[in-house]
Amino acid sequence: MSGHPDIDALVEEARSAVASARTTEDIRAVAASVTGKKSPVAEASRSLGTLDPDQRRERGRALHEARAAIEALVEERRSTITAEERASQLEADRIDLTEYIAGTTPGPAGRGRPHLVTQTRDELEDVFVGMGFEVAEGPEIETDWFNFGALNIPPPHPARGMWDTFYLDLGVPESTLLRTHTSPVQIHLMEAAVSTGGLPIHAVMPGRCYRRDTPDARHLPVFHQIEGLVVDEGITFADLAGTIEVFTTAYFGPDIHSRLRPAYFPFTEPSAEFEVTCTICHGEGCRTCSQTGWIELGGCGMVDPAVFEAVGIDTERWSGFAFGFGIDRCAQMRHQIADLRALTENDIRFLRQF
Ligand SMILES: [Zn+2]
């Protein structure tokens, strides 16, 4: 039967070609060669017309079965290859967590570490603890009294405009809010000290605060402050200025100093803004510090007698000072971060630098 090859031989040839395929690419090429338009099976089918009707019918049925058998071989091999490739891909993607945890393998995750804001908060706490301060915390949800009223900002005090407040809707309008500063922790500390005989107070209060600010390079609606409060006998403005200066050199370095400029806050009198030597130009004057050599960091002042009266502290015996500044801002200044928003974006390439 010249021109009419043996059908069993066609199937056997196809079987060995299929078995030699190792990859998805291979099996695609083999499938075309053993079942495609130019395959031996297709050629054999096209030559059926030269046979007489009985032979044609019989051979046609046999070729049909052969084609089905070859297609089944191809599909079986294809599914085996797919499974093997998936398994080897999984193996390649496998991460040995024990190596990452041990820090011995650099990789996409690497070894975790505290966020820069947390690092900064820890460093600031360390500096103040070294200066004899305790660390205290308070709630982020406050009543109007703790956030404003007790701090000498009763409604409708014009100074409330200094804080764009997030209020919680708990039935009574503007009664409950997300604290706009850490200062309410001062009130909690002083009230507790009065009721337990816990004066004097030397404490710093770090924490998260909220204001309805539009995020930009220097503002975040959720930010971090650290507040300091000293209530003791014979405390003067010189103690405040000295404390700020000791902190500034301890945290930023011996060539960075502080200065106070008169300011207004409802809860301190007198009040001051404190500035520190520009950490970019070290006092020479640059664009960041508007050529002044100084950068404003926070506010401070002597505790207003109205605040002491609100919490029941005897102003004949006790006096004190308070100060507060941004933890995020400290991180920004110390590490020269152009845009504060980088602190909240959690871009691993940024965070890994610290
Ligand atoms: Zn400068």
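Tutor: Axes are lines fitted to C-alpha atoms, for helices over the stretch in contact, and angles run from 0 to 180 degrees between N-to-C directions. Two packed helices are described by the angle between their axes and the distance between the axes. In this predicted model, helix α6, residues 116–130, packs against helix α9, residues 237–252, at an angle of about 130°. The axes of α6 and α9 lie 10 Å apart. Angles over 145 degrees count as roughly antiparallel and 65 to 115 as roughly perpendicular, the rest between these being oblique; α6 is therefore oblique to α9. The crossing of α6 and α9 has a right-handed sense. On the α6 side, the contact is made by Thr 120, Glu 123, Leu 124, Val 127 and Phe 128. Helix α9 contributes Phe 247, Ala 250 and Tyr 251 to this contact.

The protein donors of the zinc ion are the SG atoms of Cys 278, Cys 281, Cys 286 and Cys 289, at 2.2 to 2.3 Å from the ion. The spacing of these donor residues in sequence is C-x2-C-x4-C-x2-C. Cys 278 and Cys 289 are eleven residues apart, and both belong to the loop between β8 (268–277) and β9 (294–303). The four donor atoms make angles of 105 to 115° at the site of the zinc ion, which is tetrahedral. Buried means under 20% relative accessible area; Cys 278, at 0%, is therefore buried, and Cys 289, at 4%, is buried as well.

How values were computed. Residues numbered from 1 in each chain as written. Predicted model: local features only at pLDDT ≥ 70, side-chain atom pairs only at ≥ 80, totals over all residues. Heavy atoms only, no water. Donors = N, O, S within 2.8 Å, 3.2 Å for Na, K, Ca; no water. Tetrahedral: all angles 85-135°; square planar, octahedral: opposite > 155°, others 65-115°. Helix = DSSP H or I, 4+ residues; strand = E, 2+ residues; numbered from the N terminus. Buried < 20%, exposed > 50% of the residue type's maximum accessible area, 1.4 Å probe, protein only. Parallel < 35°, antiparallel > 145°, perpendicular 65-115°, else oblique. Left-handed = near helix turned anticlockwise from the far one by under 90°. Contact = heavy atoms within 4.5 Å.
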